[in-house]
Protein chains: 4
Amino acid sequence: VVDLRSDTVTKPTIEMREAMANAVVGDDRYHEDPTVAELEAYYAELVGKEAALFVPSGTMANQVAMRTWTSPGDVVLAGARQHVLQYERMGSAINSGVQIVPVRDDRGTLSVRELEEQRDIFQFLGLPVKVVCVENTHMPAGGVPIGLEVLKEIRSLFPEAKIHMDGARLFNASVATGIEPSEYAQHVDSVMSCVSKGLGAPVGSLLGGSKEFIENAWKERAILGGQMRQAGVLAAAGLVALQSMRDRLAEDHRRARKLAKAIAARYGLEVLDPDSVQTNIVVFSHPDPEAFLTHLSQADVLGGSVAPGYVRLVTHKDVDDEMIDRTIVAISKAP
Amino acid sequence: VVDLRSDTVTKPTIEMREAMANAVVGDDRYHEDPTVAELEAYYAELVGKEAALFVPSGTMANQVAMRTWTSPGDVVLAGARQHVLQYERMGSAINSGVQIVPVRDDRGTLSVRELEEQRDIFQFLGLPVKVVCVENTHMPAGGVPIGLEVLKEIRSLFPEAKIHMDGARLFNASVATGIEPSEYAQHVDSVMSCVSKGLGAPVGSLLGGSKEFIENAWKERAILGGQMRQAGVLAAAGLVALQSMRDRLAEDHRRARKLAKAIAARYGLEVLDPDSVQTNIVVFSHPDPEAFLTHLSQADVLGGSVAPGYVRLVTHKDVDDEMIDRTIVAISKAP
Amino acid sequence: VVDLRSDTVTKPTIEMREAMANAVVGDDRYHEDPTVAELEAYYAELVGKEAALFVPSGTMANQVAMRTWTSPGDVVLAGARQHVLQYERMGSAINSGVQIVPVRDDRGTLSVRELEEQRDIFQFLGLPVKVVCVENTHMPAGGVPIGLEVLKEIRSLFPEAKIHMDGARLFNASVATGIEPSEYAQHVDSVMSCVSKGLGAPVGSLLGGSKEFIENAWKERAILGGQMRQAGVLAAAGLVALQSMRDRLAEDHRRARKLAKAIAARYGLEVLDPDSVQTNIVVFSHPDPEAFLTHLSQADVLGGSVAPGYVRLVTHKDVDDEMIDRTIVAISKAP
Amino acid sequence: VVDLRSDTVTKPTIEMREAMANAVVGDDRYHEDPTVAELEAYYAELVGKEAALFVPSGTMANQVAMRTWTSPGDVVLAGARQHVLQYERMGSAINSGVQIVPVRDDRGTLSVRELEEQRDIFQFLGLPVKVVCVENTHMPAGGVPIGLEVLKEIRSLFPEAKIHMDGARLFNASVATGIEPSEYAQHVDSVMSCVSKGLGAPVGSLLGGSKEFIENAWKERAILGGQMRQAGVLAAAGLVALQSMRDRLAEDHRRARKLAKAIAARYGLEVLDPDSVQTNIVVFSHPDPEAFLTHLSQADVLGGSVAPGYVRLVTHKDVDDEMIDRTIVAISKAP
Ligand SMILES: [Ca+2]
Ligand SMILES: [Ca+2]
Ligand SMILES: [Ca+2]
Ligand SMILES: [Ca+2]
Ligand SMILES: [Ca+2]
Ligand SMILES: [Ca+2]
């Protein structure tokens, strides 16, 4: 089976499995797991932050950040299609009692004009924006890396608010653009990344920020139930992921581009411009996603849908060139 | 002073004061205040609902409705500029833990296309929309009554969701359009109206709906601290307001139109089309609202601002023709 | 009918009705209602606090205090039978997300030993107690005023926590003990009192504290929907209540003692020691409260029940000596 | 070092490490991880429930159960010293908005009389108890298994409420008493157990209940951020724990008894009756826990404190007889 549903399906490598089996562990509740500590330090350095926290999922990383930065009733700006608004079952409303005000992000980039407008409106109303969320890469827009200029502009628009980067796929962005993770992260107050997606680890995400932020996040993680004991077994795989799996993301990007070309060939450039595919996610509109996906599944290719009328295909380490070729054949005859 | 800041500033009439002084009261906690009961029944009949509840404010009416219809994490659609999102200090996030997803409502009418789009998105995400809020009249858009056709369309788009009408100024809408309050309300599941705005009562709002809804709302009102004891003293004024102050709203509308003409004369039709002013609220863009308002205040005229770059003037029973004329003179020389 | 169910049933006096009819009012949202301002200042002085806030109910006063002092997850200590825990439909959990840890208060006085024990436990757990609630008079224990010594002890046990006094019946306590309201209130950070109970006003409560506390409470009141417009009509009655109805509470206390004697005569001193009745509330255990209350109701006397197996009778201004005598006759033959 | 601080410090066995390295995994978000499915089915059968859910921690298992069973404002009864009240940073108040009403549990067993009393009080108040939590074994009382008779009594007292068993150490209880896990669990609606404590797995807990309960719990787990991807790597260790590590808990219990005897020998039977130690937790009062623990640490023995004035020592698989003997020597000379 060619599984293009998501890069979350990646399975641990042999190296990761060995690392898990041999991990030196301790009780992370007592800050005594050396492998967790190593992973957190490694990530903190990668993103240029003072400290980091290992958590069981990207959703928890976002939810912990939200709880750490906000009080109930705070205003949060985020892209309308970002994970934190659409794919966390409204956790921010439930766990933090905040109101996310969405701004347009159709092509992945937040509308800076809308951000400014909303900033002024809520300032005027006496409810100054508390957090701005950016997603890098932006998944539903097709894995789009955020522009550094946009990020700087957002930072300067919001000197007082906290900026949180949902960098679940930050390393895809970095590999695609050549911009260092820390170069992105220097413009935000908190950043999270997943090791369980393109990087191939089985479980886990990292949240980075200042020492004080991470100390507070530690408590919020406990409240949400995310404190794990000998988490070093997972962290060991995460370290392999962070240390040796980043560069190979370029392969996934190359393959996604190939898929995009096949889709453009089949449905036209107006449906999908292959040049717009910079990382590992291919999203395109289709009149009947279900028919398309059923057709693919008959060729043992699995894809997904990311919104009504949209198909999503995601490349990752467990999909090789031969699989992509088979997929392209299937696409060429798809309805 | 000509106070055009809001119709909330209306002071009780002599008739209301007498009604308060002579009100037959009881303890409403025990359902024993006959004047409250009379007011609730009177309003329920006006809006064609089975039952109603008297509460201390419009904000509480909206918050009680939200708590009654939702559970934490529910998705609520509302106009981006509606009271429930912009003027209740994010009470819905705090008190109910819901996520309000705003749709465009620049001219007061919700974008039906956007409502449908959001409905489909959240349905797709497994988070079907729970409540749709409409505001009638829509304040920040300039007191615009909702169109009956739009309302019907929304109803048919959301057969499962609850539709709540923030009808703080429902009677202004009704007087302006000739559409009965019950004709509006038959398309929604809950409706609230204020007696303390244009109708001139000192305090209070009413929330109408089915018997079951009101029984549940009764408990939510208690939780928010809105249960009042001998509330009949306020209800007595509310009855006068509902029974004898509705028709005169036409006066306020006529005067608002006069103001609108003066503004158009001063700044041009592209700033404000007087024909767009259907009720008692005049909103127009101005490069420097503060300068405009300061100028007016020197003529003892008070106005307000409803958003950055927007001036708002509101007519009501304590502003007469002479006051309007004075205001018009001031406007004619305004910066 | 002799209504001994609660002192909340008191109806406004003629003086109050006149005051309401003649009240000078303004829009309290703009801080422009002079009568509200006068009432708030009067109460603040009575309790020796910098500022005060008028709210629609005692429940709201407590809920606003809770929201103002706490963040979700905070630990609050309160008597097991206090209003804030038992009679506000768990508003504190819903509105503030706090955990109230109850301590024994069978006879009205909080167990200081238990307060200290809980303080140490939650300190040990890294969750230092944030608020301690005291109730004065303590209703379910039979209207018991808090001892000044106990209050001082609590203060010294909790130098860091906020102490909130639910003084719904603070003036009953003061009249019974001769201790000034401000003498009680100097040992607490916030205090609330109702004008709608023994003092006879139709609606409303006051919350007192520091200027900063009241500024924050103002916002929390708005979130809960408790901001009223021309609230001066209610405040006018509240002023009459505070200024002229406090001394007469002694009458209610005298009559409650008479009732207590009748109960002791009928059921024995072990059921109720009349000397324990210091204010206007008579609570006693009865094997079948319903039978007792049904018997009373046949003599047109209404009472209530405050817990399983307990009867409650409350005296107030609308119950005179003759009514008490009729009640005593009924009690003498009660089952 | 002899680490008696907690049985959470247990490190994975070689067998577990191999199982992790060789685990067949899939994406549990798509219900496709066979090892997770196997673990969940295995646990469900052990506790005689229809279904089960794997989560990252015992705290999350409790929090998910709470969110699944309750709505904000619900009343929950639990022992005053239970984990759900004292060791989850008030997660229940934050995540679920419930009010936990504690009942006495000094010796581990909930006071059935108090449970009944509280049931009647909240029934009377119109707030019927929604959930009753029991802890088995009860940690702060010294690892006390719950009596089956007590459990049946609680069940019959609360036919309508949900009963949740925090069985973090359910298998210790079972091994100590010979009562099957399913025999305990048949009297409760939901049950959770940890594989990361005495059973030695690195991470994880299981929550069991009806199919419908687990379907809802699945969503609540996602909201809290507890959904993990290739969680099979952890589940593999969990399976080893559940399948092969239960019987050896008897060793831990034997060693705890030995420790208890040493403590009784040193401080007297009134401080600790060794016969009361049935499982792996030894709790005793000490005038100066810090002095005691410092003394132990000088002999490379680590212990902890569970409440002010109480020492706790916990045995587990990484503490052998020789270590216990060394500890006993240290205890014999302890202050
Ligand atoms: Ca993976
Ligand atoms: Ca008014
Ligand atoms: Ca707060
Ligand atoms: Ca009253
Ligand atoms: Ca372990
Ligand atoms: Ca729920």
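At 14% relative accessibility, B:Glu220 counts as buried, a term that stands for under 20% relative accessible area, with exposed meaning over 50% and partly exposed lying in between (1.4 Å probe, protein chains only). The model is a predicted one, in which local features need pLDDT of at least 70 and side-chain atom pairs count only at pLDDT 80 or more, whereas totals for chains, interfaces and linings use all residues. Residues are numbered from 1 along each chain as its sequence is written, chains are lettered from A and ligands numbered from 1 in the order in which they are written, and side-chain values use heavy atoms, with hydrogens and water left out.

B:Glu220 belongs to helix α10 (residues 211-224) of chain B; helices (H or I, at least four residues) and strands (E, at least two) are DSSP runs numbered from the N terminus. When residues up to four places away in sequence are not counted, B:Glu220 touches B:Val64, B:Arg67 and B:Thr68, where contact means heavy atoms within 4.5 Å. From C-alpha to C-alpha, B:Glu220 and B:Val25 are 23 Å apart in space, and in sequence they are 195 residues apart.

The nonpolar cores come next. A nonpolar core is a set of buried Ala, Val, Leu, Ile, Met, Phe, Trp, Tyr and Cys residues joined through side-chain atoms within 4.5 Å. The largest has 179 residues, and those with the most contacts inside it are A:Ile154 and D:Ile154. Apart from this core lies another, of 178 residues, among them C:Val47, C:Leu234, D:Val55 and D:Ala217.

Over all chains there are 20 aromatic pairs, counted where the rings of Phe, Tyr and Trp (its six-membered ring) have centres within 6.5 Å, with planes under 30 degrees apart called stacked, over 60 edge-to-face and the rest tilted. The rings of A:Tyr267 and A:Phe292 have centres 6.2 Å apart and planes at 55 degrees, so this pair is tilted. The pair links distant parts of the chain, with A:Tyr267 in helix α12 (residues 249-267) of chain A and A:Phe292 in helix α13 (residues 289-298) of chain A, 25 residues apart. Both A:Tyr267 and A:Phe292 are buried. In chain D, by contrast, the pair of D:Tyr43 and D:Phe171 is edge-to-face, at 6.5 Å centre to centre and 80 degrees between the planes. D:Tyr43 is buried, with a relative accessible area of 0%, and D:Phe171 is buried with 3%.

A:Thr8 lies in the loop between β1 (2-3) and α1 (14-22) of chain A and A:Ser196 in the loop between β7 (190-194) and β8 (205-209) of chain A, so the pair ties together parts that are 188 residues apart in sequence. Both A:Thr8 and A:Ser196 are buried.
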